[in-house]
Each structure stands twice: as C-alpha cells, then as structure tokens.
Amino acid sequence: MKNPAEGRLSFTEMFDLPVAVDLRTAARALGIGSTTAYQLIRKNEFPCPVLRVGGRYRIPTNGLMRALGIEDRPLYSVDLELDTDGPGVGF
C-alpha cells in the first residue's frame, strides 16, 4: 500500500492552488488517503470546511491552509509593493 505522505504537496505547491480544490488534493496536502478523507467527512471530522457541489466535494484552499497552520499568504523578505517599477528598471 502506498504511503499517503509520499505524495504530499510541498509548501510552494500549496500557494499555487486555486481557490478551492478537490478532495483528493486536500487529502494529499493533509497527508491522508482519500478513503480516510471520505470517512472523516461522513463523521463530520474533516479538519477544514467542506463544500458539496453537485456530487463532488470541494475544499476551500484558505481553510485547508489554516488546518495545516499556513498563513493565508506568503511573507516575503522584500516589500513587493515598494518595487513598482519592476526588476531592473531605473538602473
């Protein structure tokens, strides 16, 4: 049996996710298998909000990131708003 943590999303991949993800992607981010994810949903114990859209589950990415202890947006060592000219401009 495959270890679910082996396919876990990297920190960088987490910030590239869309606004909501499917259940398999959320399970991968949490390091659990999809069967466990479905079981947690049925028990109302999934660690973040779950939306039912038609016959599918969608997981809002911001709730998933909070469940993982990741801030809503990455912090940068440089204030990107101060650099309005872009890289290399004005040199």
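Trainee: Why is Thr 61 called buried?

Mentor: Thr 61 has a relative accessible area of 5%, and buried means under 20% relative accessible area, with exposed being over 50% and partly exposed in between (1.4 Å probe, protein chains only), so Thr 61 is buried. This is a predicted model, in which local features need pLDDT of at least 70 and side-chain atom pairs count only at pLDDT 80 or more, while totals for chains, interfaces and linings use all residues. Residues are numbered from 1 along each chain as its sequence is written, and side-chain values use heavy atoms, with hydrogens and water left out.

Trainee: Which residues is Thr 61 in contact with, leaving aside its neighbours within four places in sequence?

Mentor: With contact meaning heavy atoms within 4.5 Å, Thr 61 is in contact with Met 14, Leu 17, Pro 18, Val 19, Ala 20 and Val 21. The side chain of Thr 61 also reaches the backbone oxygen of Pro 18 at 2.4 Å.

Trainee: What puts the buried residues of H2 on the same side of that helix?

Mentor: The buried residues of H2 are Leu 23, Ala 26, Ala 27, Ala 29 and Leu 30. They cover an arc of only 160° around the axis, the arc being that of the directions from the helix axis to the C-beta atoms, and therefore they lie on the same side of H2.

Key
A polar contact is a pair of N or O atoms within 3.5 Å; within protein, one must be able to donate a hydrogen and the other to accept it, and residues adjacent in sequence count only if both atoms are side-chain atoms. Helices (H or I, at least four residues) and strands (E, at least two) are DSSP runs, numbered from the N terminus.
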